[in-house]
Amino acid sequence: MATILVITGCSSTRLAYRYADWGIVWWVEDFITLTKPQKRQLNADIEELKQWHCSTELPRYQAWLHNLRSELAEGKPGPAEISSHQNQLLSLLQPLMHQITPGAVNLLSSLSDEQVRELAKNMAENQRELEEEFLTGDAKSIEHARAERTEERAERWLGSLNPVQKDIIKVWSEDRAGQTEIWLAGRRNWQDTLLNALEYRSQADFEATITELINNPKAGRGDAYAQRIDESMVAMNSLIQELLLASHASQLDHLNRRISELGGDFKALTCKPSPEVASRNR
């Protein structure tokens, strides 16, 4: 859910959030043909997750956006401020991962051998499709595609980029050689670790294994991924700072409007906690 909100345009955030539960169902059913009892349980788990998220987590997102906007009003943030905001944003994902774990354990532990084979087949096919999409062509082509994707993301927040900013992204992309390959390899490693765990889903330590995979995904993606993701965090901080330093007034106005719109969407979507959620928060 949080990922959907981060990548979705503000004008459609409310719609995306309200239908995020169905998005999760569709994603699962793209990989596994669920039985009717599994579907019922998944829908119940998702509804509980959504109720918790809109009552407990969205106010935290609002607070983060408010702090970000206040800081931007004081001037362009430096490396320390950008790193702090990035860490705060990542910390907002941790409770979500923790909250989805019981439902994931319930579903995965209920899979039949046939469903596990279906999951493995569909994961492998999806992985092949991603590799074909992101690793087509030579190193220069991959680098160029990465720069284009980064430009598109930056323009969502800053509007049209100026030539200096495009050059900044081009250099940044050149310095990230091999990043896409490592990301895809890490993704494949995580899936292999999950499928291996599913072979022992009837054992007592299965819940602990899945909990670790969900809440500490780097552990299942390999050392190369773990090292590169740490480096990427630093590189992303540097990229954001350079783009902001090269920005002009109209871009900062665009950024402020986007932040304000997103904060308004979060406020409108915030709900009252259900009795179950309220009792857990006491």
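Guide: A search of the whole structure finds one disulfide. This is a predicted model, in which local features need pLDDT of at least 70 and side-chain atom pairs count only at pLDDT 80 or more, while totals for chains, interfaces and linings use all residues. Residues are numbered from 1 along each chain as its sequence is written, and side-chain values use heavy atoms, with hydrogens and water left out.

Visitor: What makes Cys-54 and Cys-271 a disulfide?

Guide: The term requires a pair of cysteine sulfur atoms within 2.5 Å. The S to S distance of Cys-54 and Cys-271 is 1.9 Å, so the pair meets the definition.

Visitor: Why is the disulfide of Cys-54 and Cys-271 called right-handed?

Guide: The torsion about its S-S bond is about 75°, and therefore the disulfide is right-handed. Cys-54 belongs to helix 4 (residues 36-73) and Cys-271 to the loop between helix 13 (249-269) and helix 14 (275-281), so the bond ties together parts that are 217 residues apart in sequence. Helices here are DSSP runs of H or I with at least four residues, strands are runs of E with at least two, and both are numbered from the N terminus.

Visitor: What makes Phe-134 and Trp-183 an edge-to-face pair?

Guide: The structure holds two aromatic pairs. In the pair of Phe-134 and Trp-183, the centres are 5.5 Å apart and the planes make an angle of 85°. Rings of Phe, Tyr and Trp (its six-membered ring) pair if their centres lie within 6.5 Å; planes under 30 degrees apart count as stacked, over 60 as edge-to-face and the rest as tilted. The pair of Phe-134 and Trp-183 is therefore edge-to-face. Phe-134 lies in helix 6 (residues 113-134) and Trp-183 in helix 9 (residues 179-198), so parts 49 residues apart in sequence are tied together. Phe-134 is buried because its relative accessible area is 16%, whereas Trp-183, at 33%, counts as partly exposed.

Visitor: Why is Gln-241 called buried, and which residues does Gln-241 touch?

Guide: Gln-241 has a relative accessible area of 18%, so the label buried applies. Its place is in helix 12 (residues 223-245). Not counting residues up to four places away in sequence, Gln-241 touches Pro-77, Gly-78, Pro-79 and Ile-82, where contact means heavy atoms within 4.5 Å.

Visitor: How do you know that Ser-247 is buried?

Guide: The relative accessible area of Ser-247 is 8%, and therefore Ser-247 is buried. Ser-247 sits in the loop between helix 12 and helix 13. Leaving aside neighbours within four places in sequence, Ser-247 is in contact with Lys-76, Gln-165 and Leu-252.

Visitor: How many helices and how many strands has the chain, and what share of the chain counts as buried?

Guide: The chain has 14 helices and zero strands. Of its 282 residues, 38% count as buried. Among contacts between residues at least 6 apart in sequence, 81% join residues at least 24 apart.

Terms used
Buried < 20%, exposed > 50% of the residue type's maximum accessible area, 1.4 Å probe, protein only.
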